[in-house]
Amino acid sequence: MRRLRKIKIDHNSEFELDLAPLLAVMVKLVPVLLVSSAFVQMMVIETELPQVVSEAIQKQEQTEKPTLISLEMVSDQGMRLVVTKNGVEKEEMVPLKEGHFDYPTLHLKLIALKQANPEVFKIEINPDAKVPYNDVVKALDEARQAHDKNIRFPVYDSKQGKNVETQYMFPEVVFTNMMEG
Amino acid sequence: MSRRRRFELPTKKNSTFTLNITSMTDMFTIMLVFLLQSYTISDVEMVPVSGVRLPTSSSMVNPTESLKLSISKDALMMDKLKIADIKDADFLVSDLEEKDTNFIKPLFAELEKLSKEGGEKKFIKEGKILLQADRDLPYGVLRKVMYTASMAGFPQLKLVTMVGE
């Protein structure tokens with residue numbers, strides 16, 4: 001009988017992977033991604049509110065005498081927080097620190113205000129004409145939500161019938177002095 | 001005289017060679033990862049306006065289709081159209097209404113024209129504006145633009161910021 005010929009397999013041999021198809025795919029992908037890439041990311045200041053927070057804002061607007069919180073920015077003095085609750089005004093001053101607005105102190109004061117008035121989501125902002133736009137945006141950032149993720153505020157969720165927690169403080173910002181002369 | 005023969009390297013005239021593309025593939029992989037990271041899915045293409053340094057904010061809301069206004073230290077622009085000049089961080093007196101110094105006449109005229117001509121566009125009907133303003137400009141300049149825009153029927157103003165802390 002004829003003997004079967006054994007195929008010799010060299011187990012130590014090396015082979016080269018054909019990278020050409022992979023490269024071809026990449027060459028096509030790179031221009032597509034180059035066209036649709038944004039090297040400068042731009043966003044807008046307008047917070048997309050969770051349903052619960054939106055409901056709370058609507059509820060606040062329906063209140064006859066809502067608590068009003070306003071922030072005045074005076075370029076040569078600092079920031080003044082005015083809280084109007086049941087017709088009584090209470091003022092708190094955040095003076096300038098080394099010639100600049102003191103944002104960390106403002107943030108702490110806003111957290112305390114939010115803890116005292118969890119139902120309020122609107123803040124009225126009145127910067128004077130000389131305040132740089134950059135400072136206005138920074139103040140809005142401080143007021144929008146708590147930087148510390150452990151700090152949360154209770155909001156009543158009518159669907160669940162219980163209080164839920166949110167990081168949002170004053171996401172609804174109104175420039176009240178816009179129409180002033 | 002005997003001539004010495006020059007030594008020649010033994011080369012095969014019809015030989016082929018394989019290009020080593022491993023390093024090129026590596027480079028493309030790195031590029032692909034970087035580009036995927038900066039890939040954007042926003043509906044609106046926002047082009048930074050030259051001469052406008054935007055403020056940074058922690059807001060992570062993507063812009064929506066709106067009328068684009070930009071305020072640099074030199075001019076107020078609507079897309080690429082120059083509306084009014086800015087000098088010493090304020091509008092020229094000739095561009096402002098005499099009795100109401102917050103009212104920018106050329107901006108109001110342009111917005112009014114736009115709401116008459118481009119009324120079919122949804123964002124014009126809803127009065128949406130995306131405002132790119134230089135971070136060093138005083139709020140007084142922005143207030144004039146906001147005031148005039150709301151008078152012209154564009155009350156929904158959104159402030160464009162850069163991503164960052």
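In what order do the elements of chain B run from the N terminus on? The run is α-β-β-β-β-β-α-α-β-α-β. The legends below describe a predicted model.

**View 1. Chain B, from end to end.** Chain B holds four helices and seven strands. It has 165 residues, and 26% of them count as buried. Among the contacts in chain B with a separation of 6 or more, 64% link residues 24 or more positions apart.

**View 2. The side of chain B that touches chain A.** Here 42 residues of chain B are in contact with 36 residues of chain A. Four elements of chain B give two or more residues each to this side: α1 (22–37), β6 (128–133), α4 (139–151) and β7 (156–163). Helix α1(B) gives the most, with eight residues. By type, the residues on this side of chain B divide into 27 nonpolar, 11 polar and four charged.

View 3. Start with α1(B). Its 16 residues should span 22 Å at 1.5 Å a residue, and its end C-alpha atoms are 23 Å apart, which agrees. Is this helix covered or in the open? The number of buried residues in α1(B) is zero, so the helix lies largely in the open. Now turn to chain A. Helix α1(A) covers residues 20–35, and its 16 residues should also span 22 Å at 1.5 Å a residue. The end C-alpha atoms of α1(A) are 24 Å apart, in agreement with that figure.

**View 4. Strand β6(B) and its partners.** Strand β6(B) is mostly covered: five of its six residues are buried. Strand β2 of chain B, residues 67–71, runs parallel to β6(B) and is joined to it by five bridges. In this pairing, B:Leu67 stands opposite B:Ile129. Strand β7(B) also runs parallel to β6(B), with four bridges between them. There, B:Ile129 stands opposite B:Leu157. So which residues does B:Leu131 contact, leaving aside its neighbours within four places in sequence? They are B:Leu69, B:Val145, B:Leu157, B:Lys158, B:Leu159 and B:Val160.

**View 5. The largest nonpolar core.** This core has 55 residues. Those with the most contacts inside it come from both chains. From chain A they are A:Ala139 and A:Ala143. From chain B they are B:Ile129, B:Leu131, B:Leu142, B:Val145 and B:Ala149. Helix α4(B) supplies the largest share of the core, seven residues. In soluble globular proteins, nonpolar side chains tend to be buried together.

**View 6. The five-stranded sheet of chain A.** This sheet is open, and its strand order is β4-β3-β2-β5-β8. The pairing is mixed. Which strands stand at the edges? They are β4 (88–95) and β8 (172–175) of chain A. Each has a single partner strand, so one side of each is left without a neighbour in the sheet. From one strand to the next, the twist averages 20°.

**View 7. The pairing of β5(A) with β8(A).** Strand β5 of chain A, residues 122–127, runs parallel to β8(A). Four bridges join the two strands. Within this pair, A:Ile123 has A:Val173 of β8(A) as its bridge partner.

Notes. Residues are numbered from 1 along each chain as its sequence is written. Chains are lettered from A and ligands numbered from 1 in the order in which they are written. This is a predicted model: local features need pLDDT of at least 70, side-chain atom pairs count only at pLDDT 80 or more; totals for chains, interfaces and linings use all residues. Two residues are in contact if their C-beta atoms, placed from the backbone, lie within 7 Å. Ala, Val, Leu, Ile, Met, Phe, Trp, Tyr, Cys and Pro count as nonpolar, Asp, Glu, Lys and Arg as charged, and the others, Gly among them, as polar. The expected span of a helix is 1.5 Å times one less than its number of residues. Two strands pair if DSSP finds at least two bridges between them. Axes are lines fitted to C-alpha atoms, for helices over the stretch in contact, and angles run from 0 to 180 degrees between N-to-C directions. A nonpolar core is a set of buried Ala, Val, Leu, Ile, Met, Phe, Trp, Tyr and Cys residues joined through C-beta atoms within 7 Å. A residue is buried if 20 or more other C-beta atoms lie within 10 Å of its own, exposed if 12 or fewer, and partly exposed in between; C-beta atoms are placed from the backbone.
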